[in-house]
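Please look over the sequence and the fold below before reading on.

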Amino acid sequence: MAIVRINLHNVIYISYLVPVKRIRPLVPKALKLACDESSRVYISFVAMECRQARLSAFPFIKLSYYQLNLRTYVSDPKTGDAAVYFFNSGVSIGIISVFTRFIGIPWEKISFNLSKNYDGIYHATGYWCGELRFEIDASSSKDLNDSIVSHITGPMMGFIGPEGKTQGFRINHKSLKVHPAVLNKIEFPLAVDKGLVRNIELNNPDSIFLVPEAEFTIFLPPAKVY
């Protein structure tokens, strides 16, 4: 087993509640969607800066890059525990994409950058099947709903891959310090083209969270879901 440790900074979760019937065809049948009483499920765009990613076998090789994930929330078919399913994941340097594809995790090489200014404004820009950009304000004093925070940031299992080729991998991290934020603007044509959100919904997410810093551990290689 390989262990990857990554120092994450400026992790941004932009989440939307959407109808289950919209998402169900895009998720392998083996994974049960974590829907609410109104038959809705969260989908999230998760952006982050990854620093000093290192593999346990080669601890002196450390890579830094930006990453953007599109994901939804499911149950682990073996344990019933909360998990996430990744529709797509993009990274800003090619060597990470090559490595992950080699072990069966199809991360894409994309153009992506994330920055913060002194006023607590976070900017993301890039290109992923179209120009993408968003801006959030982390100076918000909104209250946090602990159950939603746990639902979105807490899962310790990830799944990826289409029907018949789905694989899962474990994740570990300490309790996260989560802050509320608000969305100033967003453009993300890939998410609309994939049918995850509609244009009219894009500027009205249900929640936005910011985690300034965390360390994640990923256990590889992924295991096939039967």
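Helices (H or I, at least four residues) and strands (E, at least two) are DSSP runs, numbered from the N terminus. This is a predicted model, in which local features need pLDDT of at least 70 and side-chain atom pairs count only at pLDDT 80 or more, while totals for chains, interfaces and linings use all residues. Residues are numbered from 1 along each chain as its sequence is written, and side-chain values use heavy atoms, with hydrogens and water left out.

Which strand gives the largest share of the lining of the largest pocket? That strand is β4, with eight residues. A pocket here is an open set of points on a 1 Å grid over the protein atoms alone, where a 1.4 Å probe fits, with protein on both sides within 12 Å along at least five of seven lines; lining residues have an atom within 4 Å of a point. The largest pocket is lined by 36 residues, and V4, I6, Y65, W107 and I218 lie nearest its centre. Elements that give two or more residues to this lining are β1 (2–19), β3 (40–55), β4 (58–75), β5 (82–91), α2 (94–102), β11 and β14 (207–224). Its volume, the space filled by probe spheres set on grid points joined across faces, edges and corners, is about 660 Å³.

Next, the sheet. Strands β7, β8, β9 and β13 form an open sheet in that order, with antiparallel pairing; two strands pair if DSSP finds at least two bridges between them. At the edges are β7 (111–116) and β13 (182–187), each of which pairs on one side only. Inside the sheet, seven bridges join β8 (residues 121–127) to β9 (residues 131–137), and Y127 of the chain stands opposite E131 in β9.

The structure holds zero disulfides, a disulfide being a pair of cysteine sulfur atoms within 2.5 Å. For C50, the nearest cysteine sulfur is that of C129, 20 Å away. Are these cysteines buried or exposed? C50 is buried, with a relative accessible area of 0%, whereas C129 is exposed at 53%. Buried means under 20% relative accessible area, exposed over 50%, and partly exposed in between (1.4 Å probe, protein chains only).

Finally, G161 sits in the loop between β10 (157–160) and β11 (167–173). G161 counts as buried, at 10% relative accessibility. Leaving out residues up to four places away in sequence, G161 touches P28, Y85 and T166, where contact means heavy atoms within 4.5 Å.
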